[in-house]
Amino acid sequence: MLNTETPAAQHPSLDQYPTAELVNVLVGDQFRAVEAVCAAGPRIAAAVTAALPRMEAGGRLVYVGAGTSGRLGVLDSVELYPTFSWPHERAVALLAGGREAMFVAVEGAEDDSEQGARDIGRIAVGSKDVVLLIAASGSTPYVLGALRAARAAGALTVGFANNPDAPVAREAEIGVTLDTGPEAISGSTRLKAGTSQKIALNTFSSALMVRLNKVYGNLMVDLKATNAKLVRRAVRLTMFATGAGEDDARAVLEQCGFHVKVAIVALSRNIQVEQARALLETTGGSVRASLAA
């Protein structure tokens, strides 16, 4: 039996626990998720290193999963645009059962390996792409079908699974095992298995964006200011990075469409916005290199 399906020996009377103890057990069990991701750190780092040249060449991040795993892939993909200005078309999520399955379980969708392969073909996955395959069991047919099709297409495949020696991790070019063990509620991988996947995907994509020069120091300098909160954040980040006053920071940001990177370089080097933008293009979008040039 898979570890994620095995009833936890520690809590055979979980339904009889007082509510405060029940909550403490469910929360406490989540610490295993962090431990599992920490143990997988070297594999996540290897995935970032392998993915970087494909992203620099214009490739896409493609997330594939079913159920909770698939929804976590969707979540990671959609957050890349507002956080890092990563183009929507370069973060694609494939969910067993299609868009409807984001909100309502589509029975049997995860068992269709051929549909997984067809979905990879439908979006024309190629050699520049990085395909992230997520499955708690590590043996979901839809995900395995997608994995094999992605490998055949020459994409880099990264498999995330919560059971040791799982096919998704074993057959992917880079396997990431998040060994979270049995769940407090047996088989409910929306608990710590899902938490570990969320942390691992968040860590992978965030580290990759740092390597792609979308962070300066620890500042989110490539955000997309799509609402009032993010406009205020852009102003604060520019002020913090340059020492400029609010009026000056906002004025330059307005000239460059609230692109924090451009504003930082323009203010720090006392150059025009267009000059700052051109300088960033020559340094691969690196604020640090643009300031040193």
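A: In this predicted model, lysine 261 has a relative accessible area of 6% and is therefore buried, since buried means under 20%. Lysine 261 forms a salt bridge with aspartate 222, and the closest N and O atoms of the two are 3.7 Å apart. This pair links distant parts of the chain, for lysine 261 belongs to helix 11 (residues 260-269), whereas aspartate 222 lies in the loop between helix 8 and helix 9 (228-242), 39 residues apart. Aspartate 222 also counts as buried, because its relative accessibility is 6%.

The salt bridge of lysine 261 and aspartate 222 belongs to a set of 12 found in a search of the whole structure. Another of them joins the side chains of arginine 250 and glutamate 246, at 4.0 Å from N to O. These two residues are 4 residues apart in helix 10 (residues 246-255), so about one helical turn separates them. Arginine 250 is partly exposed, with a relative accessible area of 28%, and glutamate 246 is partly exposed as well, with 43%.

Arginine 118 and aspartate 112 likewise meet through their side chains in a salt bridge, with 3.8 Å from N to O. The relative accessible area of arginine 118 is 43%, which means that it is partly exposed; that of aspartate 112 is 28%, and aspartate 112 is also partly exposed. Elsewhere, Asp29, Glu183 and Lys192 are linked in a network of salt bridges.

The side chains of aspartate 76 and tyrosine 63 are joined by a polar contact of 2.6 Å. Not counting residues up to four places away in sequence, aspartate 76 touches Tyr63, Leu201, Asn202 and Ser205.

The nonpolar surroundings complete the account. The largest nonpolar core has 31 residues, of which Leu61, Val130, Val158, Phe160, Phe204 and Leu208 touch the most other members. Helix 4 is one of the elements that give two or more residues to this core, and helix 8 (192-211) is another. Helix 3 provides the largest share, 6 residues. Apart from this core lies another, of 25 residues, among them Val252, Phe258, Val262 and Ile264. On the surface, by contrast, Val23, Val27 and Phe31 form a nonpolar patch with about 290 Å² of accessible area together. Phenylalanine 31, in helix 2 (residues 31-39), counts as exposed because its relative accessibility is 57%.

Technical notes:
Residues numbered from 1 in each chain as written. Predicted model: local features only at pLDDT ≥ 70, side-chain atom pairs only at ≥ 80, totals over all residues. Heavy atoms only, no water. Patch = residues over 30% accessible without salt bridge, like charges linked within 9 Å, V, L, I, M, F, W, Y side chains within 5 Å. Areas by Shrake-Rupley, 256 points an atom, 1.4 Å probe, with all protein chains shown as cover. Buried < 20%, exposed > 50% of the residue type's maximum accessible area, 1.4 Å probe, protein only. Contact = heavy atoms within 4.5 Å. Polar contact = N/O pair within 3.5 Å; in protein donor to acceptor, adjacent residues only side chain to side chain. Core = buried A, V, L, I, M, F, W, Y, C linked by side-chain atoms within 4.5 Å.
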